[in-house]
Amino acid sequence: MGRPSDFVPLNCRACVDGAALGFDVSMAFQPIFDTDAQRVYSHEALVRGVHNEPASEVFAQVGDHNLYRFDQTCRVKAIKMAAELGISTRLNVNFLPNAVYRPELCIRTTLEAAQTYNFPIDRIVFEVTEGEQITDLAHLRAILTDYRQRGFIVAIDDFGAGYAGLNLLADFQPDLVKLDMGLIRDIDRDKARRIICNGLVEVSRELGVEVIAEGVERRDELRCLEDIGVHLFQGFYIAKPSFESLADINPALYADY
């Protein structure tokens, strides 16, 4: 959770130019493709440096002292760039639950950005990564519940690889879960991974939760996942992240159907 000393109300403009953070960031966008509907379901905004430096270099500048400001800046930057690029699908925005001090206050800058750049909040998907250590599940549930009540879509990223796991899914059912790429890798060749993913897909279906398979790199992985009921995909086989622009979808996805 963000420290009270870090929690200073920010406005949309301060986040856009990086003034509140002390350094600026940019975004790459990677599509999530719906093979049933044969169209892009969403675009995920992925943080980059202003010269396309990788996320690892950006996160190296983030600590407890600026975690809240970083989280807020990334949200606003993602919404602004999505609007400028004319994204008409959903927009996946990652957030850091440990940076959220009070949900009802921390969301204000996001709401201001959505209004300023005319991006509908019901097309914003807030992703919480399961890879970030969560020490207070009740606090995370409160954040996700608050966001959903406001009209946002909520998702658990890296599902199956992190700290909360099935306990979080039992206590709170998000709109979406993204199966971790570690479970997806070579699933067509690995019986154990197929069984585990099939079970997670079945559980999610029973709970009314949509499943996205991330990290798909090969056609055979995608086909195997389709066989167990997945139709939303993200990964290099679909398209690589594109810096400050929208990626071209692999034409084979259309040719195969």
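Student: Starting with Arg219, what's its relative accessibility and how does it count?
Tutor: Arg219 comes out at 38%, so it counts as partly exposed (buried is under 20% relative accessible area, exposed is over 50%, and partly exposed is in between, with a 1.4 Å probe and protein chains only).

Student: And what's the model behind that?
Tutor: It's a predicted model, where local features need pLDDT of at least 70 and side-chain atom pairs count only at pLDDT 80 or more, while totals for chains, interfaces and linings use all residues. Residues are numbered from 1 along each chain as its sequence is written, and side-chain values use heavy atoms, with hydrogens and water left out.

Student: OK, where does Arg219 lie?
Tutor: In helix H10, residues 219–227. Helices (H or I, at least four residues) and strands (E, at least two) are DSSP runs numbered from the N terminus.

Student: What are the accessibilities of Phe59 and Phe70?
Tutor: Phe59 is partly exposed at 40%, whereas Phe70 is buried at 2%.

Student: Which residues form an aromatic cluster?
Tutor: Phe95, Phe126, Tyr147 and Phe152 form one.

Student: New topic: how much space is in the largest pocket?
Tutor: About 640 Å³. On a 1 Å grid over the protein atoms alone, a pocket is an open set of points where a 1.4 Å probe fits, with protein on both sides within 12 Å along at least five of seven lines; lining residues have an atom within 4 Å of a point. Grid points join across faces, edges and corners, and the volume is the space filled by probe spheres set on them.

Student: Which lining residues are closest to the centre?
Tutor: Of 31 lining residues, those are Glu44, Ala45, Leu46, Asn94 and Asp157. Elements giving two or more residues to the lining include strand E2 (39–48), strand E3 (90–95), strand E4 (124–129) and strand E5 (153–159).

Student: In what sense do E2 and E3 pair?
Tutor: Parallel, over four bridges (strands pair if DSSP finds at least two bridges between them). Ala45 stands opposite Val93 in E3.

Student: How many bridges join E3 to E4?
Tutor: Five, and E3 and E4 run parallel. There, Asn92 stands opposite Val125 in E4.

Student: Backbone check: what's phi of Asp158?
Tutor: Near 55°, a positive value in a residue other than glycine. Most residues other than glycine have a negative phi. Asp158 is in strand E5 and counts as buried at 19%.

Student: And what about phi of Glu244?
Tutor: Glu244 has a positive phi of about 55° too, although it is not a glycine. Glu244 lies in the loop between strand E9 (242–243) and helix H11 (252–255), and at 37% it counts as partly exposed.

How values were computed
Rings of Phe, Tyr and Trp (its six-membered ring) pair if their centres lie within 6.5 Å; planes under 30 degrees apart count as stacked, over 60 as edge-to-face and the rest as tilted.
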